[in-house]
Every structure is written in C-alpha cells, then in structure tokens.
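Here is a briefing for a reader new to this structure. Look over the model, then read the points below.

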Amino acid sequence: MRAARLIKLMLLLQSRPSMTGTELARHLEVSERTVSRDVLALSEAGVPVYADRGRTGGYRLIGGYRTRLTGLGRAEAEALFLSGVPSALRDMGLADAASAARLKVSAALLPELSDAPASAAQRFHLDAPGWWQPHDPPPLLPALADAVWDDRRVTARYRRRETEAERELEPYGLVLKAGVWYVAARAGDDFRVYRADRFTAVTVGAERFRRTGDFDLPGFWEERAAQFARSILRDRVELRLSPEGARLLPHVTDPVAAREALAEAGPPDELGRTTLTLPVETQEVAYAQLLGLGPEAEVLGPPELRERFARAAARSAGLYR
C-alpha cells in the first residue's frame, strides 16, 4: 500500500511544478504528517524532492527529474479510453484504474503540456444517464465488467418478467444506453442482448472463451437496437400532416419510423398536407405522442383513435372560449 502511495506521490510532483502538503494529503487521502514522512522516504531513496518553506511553500522535484514509472497497465490503458464517461467508470468499478492512468499520462507529458488534461476536462464532458432518471447502477455490473475484460464465461441467473432462468454466457461487451446498462453475450451459437439490472446472480468462471474474430460491438448494437425499435412498432396510424407537422413528426415519435413514413408518403396535396401511414407502438402511445403536434396533425384512422382526438380537440376548444 505504501509503495503504491509513494509512486503516486512522485507522479503527482512530476506532473506539476509544485504542490503543498495540504494538496498532496488531499490527493493521497492521508494526513500531512504522512506526506512529510513519504517525502523523506523518497529523498532517502534518491528522488530529489525539495521542500520550500513558508506560507507559499510546498514540494517539488529538482532539476526536471522525471521517473520512468509511467507505463500503463492493461486495466489502466483500457479504462483510459473510457475516461470521458466518469459515471460509467464508477459503475464498472474502474474509477481508481482510470485515475491512475490519467495521472501517469499527466506525468509523462512535457512540462509545456501539463495543463492539457485540465484544459480538456473543462471543455468536454459526457453525461450518459438520461434526464429525470435515478442513477442506480446494477449491483452485479462490476462482476459482469470483469468477465468482459478478461473474456471469462459466466453462469448467471436472469429475470424475465416473473420467471428466472440460469444461463451459461460468454459476455462480449457492455453498452450504456440512456443510463441503462446492457450486456452483449453469446449464448450457445447466438448473440443476444441482456439488461444488466435483470441479472440476479453472476458467477465468473475461471475458463476463458475465444472471441469470434469478426464480432463488432458497435455494429452489433446498432443492428439489434434497430430490430428492437421495429419489433415494438406493431400498430399503424393514418395521418394527414401540415408542412410544420411533417417537420415536427420525428421529434415527437420514433425518429426512424417517422422519417421512413415521410419518405414513403405520396406528394403533398394542394394545401401542402402530407398523408402517410405511421408505425406506432400502441394507439395509447400514439395518442400521447401525437397530441404534441396539435392542429398540425389530423388523425385519419383507426376510427376509434380519430374519435379520441376529436373529443380532445373539443375539450381544448372549450377551455379557450
């Protein structure tokens, strides 16, 4: 533990011109007295650490000393590529590895580039979870992440509706979509997608599996996401849209389905209105979505949905008399 702390102390001093004992204590999560003892230990080991006394003093390395202890470990290197998604790193239990990797990179930079990490962090940030969603990472996500990194088979129990089943899986990858974690895994000869929060038990085995060489996680996810979106659009609604309604349609309903429906529609009528058939999840969902278009959309069918919109329009007109 102390050896790792001494290395981190040396890297901190290498990445900055100087640091106070208070700053070092905060970064290392120890007392200032422990920092003083660690600095003394580094000096005795031949590391040229100099202490500036006084209120503006601190610790610094003399003569541009640079350690070679900046090689990234496998976990650190992998975590570094995810460091733009801090919430994802925390969920998977990789926050410490990413912190160490960033520190090593900072220490390896030339002095004139030492502000690059802070500069980038103040200009770009990715907030992965969706709005108004509690961020409660799946409790078994770290175990799944370990299996993904090490290509290890898992024995897992998975909940689907009211039933649970045990599965033997080869977890190929993790996907974070709008704050929800998914696992892309091979079960037998098929690749499938599982929600990480539906796993009730995960045992990571000692046996590693051999990855299929042509598996592409982004391409696989894109294909499965498109299949899922199409699978839930089981109903159809006939619409007549104004030009403004046609422009707004992808913003209130499934954007892919909306654009395809607009592309397949015939030419506008003499008033510029477009008639089309829109795939929807259910009539209830369509009602909630299409209300947002107001007078820019006329529902032509099914008849029961058209009648429901007519009643809603009458109630709205009554409110504004």
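How many aromatic pairs does a search of the whole structure find? The search finds eleven. This is a predicted model, where local features need pLDDT of at least 70, side-chain atom pairs count only at pLDDT 80 or more, and totals for chains, interfaces and linings use all residues. Residues are numbered from 1 along each chain as its sequence is written, and side-chain values use heavy atoms, leaving out hydrogens and water.

**Aromatic pairs**

- Rings of Phe, Tyr and Trp (its six-membered ring) pair if their centres lie within 6.5 Å; planes under 30 degrees apart are stacked, over 60 edge-to-face, and the rest tilted.
- The ring centres of Y172 and F191 are 4.9 Å apart and the planes stand at 90 degrees, so this pair is edge-to-face.
- Y172 belongs to strand β4 and F191 to strand β6, so the pair ties together parts 19 residues apart in sequence.

**Five-stranded sheet**

- An open sheet of five strands runs in the order β6-β5-β4-β3-β7, with antiparallel pairing. (Strands are DSSP runs of E, at least two residues, and helices of H or I, at least four, numbered from the N terminus; two strands pair if DSSP finds at least two bridges between them.)
- β6 and β7 (199-208) stand at the edges with a single partner strand each, so one side of each has no neighbour in the sheet.
- Neighbouring strands of this sheet are turned by 45 degrees against each other on average, direction ignored. (Axes are lines fitted to C-alpha atoms, for helices over the stretch in contact, and angles run from 0 to 180 degrees between N-to-C directions.)
- Six bridges join β5 and β6 in the antiparallel sense.
- Y182 stands opposite R195 in β6.
- Helix α8 (residues 141-150) lies across β3, β4, β5 and β7, at about 70 degrees to β4. (Contact means heavy atoms within 4.5 Å.)
- α9 lies across β4, β5 and β6, at about 75 degrees to β6.

**Three-stranded sheet**

- Another open sheet has three strands in the order β9-β8-β10, with antiparallel pairing.
- β9 (274-280) and β10 (297-301) are the edges, each with a single partner strand, so one side of each is left without a neighbour in the sheet.
- Strand β8 (residues 235-241) pairs with β9 over seven bridges, in the antiparallel sense.
- R236 stands opposite P279 in β9.
- Helix α11 (residues 255-264) packs on the sheet and touches β8 and β9.
- Helix α12 (residues 283-290) also packs there, touching β8, β9 and β10.
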